[in-house]
Structures are given as C-alpha cells and as structure tokens.
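Here is a short report for someone meeting this structure for the first time. Take a look at the sequence and the model, then read on.

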Amino acid sequence: METTSEQVCQDLLGLIGRLKSGLASLSEAYDLTAMQLHALYAILQGDTTMGQVAESLHCDASNVTGIVDRLVAGQFITRQEGAHDRRTKTLHLTEKGHAAVADVYSKLPIQLGCSKLSVQDRSALHDIVTKLITVPTAETLSDQPQV
C-alpha cells in the first residue's frame, strides 16, 4: 500500500507532538518552559534582538518581553541596549544559559529516540527533513509575484 501525503503529514504531526513533549520534559529540569528553551536556542545563534527572538518563536514581540524577563531573572541571558539604538535590546546567553541549552540538546536524541536509529536511518531522516524545510510553502509561494 502506498503512503499518501496526508499520512506523512499525520506522521509529522505525531512527531511534532513527541518533540514538544520531549522538550517540555527536558526543559523542566531547568525550571523553563518549552518556549523559553526555544528562545535560548534562538539566542544561541549569536547577538540576537528581541524582534529576532519573536520571529524565531513565531509570536508577537510583546509576548517575548515576558519570556525574556524570566530568562534574565533566571540568569540564563543578559539584555543590553543596542550599540546604535537604545530602543533595541540585544540578548546574550550567560554561561548558565549555554550550559542549559547544551545539556538539553545533548539529551534530546535519547528523549526522541533518534539515538536508536541506524546511521543510514539518521542520514535518510536528515535528508528528508532538510528537503521538507527547504521546499517553498504555499505561504512563501503566495508572496512571490505572479507571472
């Protein structure tokens, strides 16, 4: 029996559910929410503004303020005024923030079961996921001018 695109989508939704559950479980060890962990991961990428974190989390910038406030209070990140614009806040991970992200993401393959996959399965899954995240979506296609 052929696997349909709809079945693949259902499988992906199941995987997303497992990922959310796994991240929530691992983040609890640091008294973090999954969203706070996502914010830490976004900040890990380098000097990051509040707006960039909001974009990464797919939420409004006003929502990020509360997340960032809690991460600052927990000493996971620091918040500094932008060099050229005081209204812009630049976020940086502290040593505690780096350690939390490293620890959580080192445990994630075990939590999700990826560590049990063969080298070939991991490679195939990586190739498929890479294809899926680089394929233009209907949203990005609608942003392009019609010919």
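Helices here are DSSP runs of H or I with at least four residues, strands are runs of E with at least two, and both are numbered from the N terminus. By that count, this predicted model has 7 helices and 3 strands. Read from the N terminus, their order is α-α-β-α-α-β-β-α-α-α.

**Overall build**

The C-alpha atoms fill a box of roughly 60 × 50 × 25 Å along the principal axes. The protein has 147 residues, and 24% of them are buried. Its exposed surface comes to about 10500 Å². Carbon and sulfur atoms supply 56% of that area. Among contacts with a separation of 6 or more, 48% join residues 24 or more positions apart. On the charge side, there are 12 positive and 17 negative side chains. The centres of these two sets lie 7 Å apart.

**The nonpolar cores**

The largest nonpolar core holds 18 residues. Which members touch the most others? They are Leu 40, Val 53, Val 64, Leu 71, Phe 76, Ile 77 and Leu 91. Helices α2 (34-44), α3 (50-57), α4 and α5, together with strand β3 (89-93), each supply at least two residues of this core.

Leaving out residues up to four places away in sequence, Leu 40 touches Leu 32, Leu 71, Phe 76, Ile 77, Leu 93 and Val 101. Another core lies apart from the largest one. That other core has 6 residues, including Leu 26, Leu 37, Val 104 and Leu 108.

**Salt bridges**

How many salt bridges does a search of the whole structure find? The search finds 2.

| Salt bridge | N to O distance | Placement |
|---|---|---|
| Arg 79 and Asp 69 | 2.8 Å | strand β2 (residues 77-81) and helix α4 (residues 61-73), 10 residues apart |
| Lys 107 and Asp 103 | 3.2 Å | both in helix α5 (residues 95-112), 4 residues apart |

The Arg 79 and Asp 69 pair links distant parts of the chain. Lys 107 and Asp 103, by contrast, are spaced by about one turn of their helix.

Asp 103 stands at 21%, so it counts as partly exposed rather than buried, which means under 20%.

Most residues other than glycine have a negative phi. Two residues here go the other way. Asp 31 has a positive phi of about 60 degrees, although it is not a glycine. Gln 75 has a phi near 65 degrees, again a positive value in a residue other than glycine.

Where do they sit? Asp 31 lies in the loop between α1 (5-28) and α2. Gln 75 is placed in the loop between α4 and β2. Asp 31 counts as exposed because its relative accessibility is 71%, and exposed means over 50%. Gln 75 is exposed too, with a relative accessible area of 56%.

Definitions and conventions: Residues are numbered from 1 along each chain as its sequence is written. This is a predicted model: local features need pLDDT of at least 70, side-chain atom pairs count only at pLDDT 80 or more; totals for chains, interfaces and linings use all residues. Side-chain values use heavy atoms; hydrogens and water are left out. A salt bridge is a side-chain nitrogen of Lys or Arg within 4 Å of a carboxyl oxygen of Asp or Glu. Buried means under 20% relative accessible area, exposed over 50%, partly exposed in between (1.4 Å probe, protein chains only). Contact means heavy atoms within 4.5 Å. Accessible areas come from the Shrake-Rupley method with a 1.4 Å probe; for residues, only the protein chains shown count as cover. Lys and Arg count as positive and Asp and Glu as negative; His and the chain ends are not counted. The place of a charge is taken as NZ of Lys, CZ of Arg, CG of Asp or CD of Glu. A nonpolar core is a set of buried Ala, Val, Leu, Ile, Met, Phe, Trp, Tyr and Cys residues joined through side-chain atoms within 4.5 Å.
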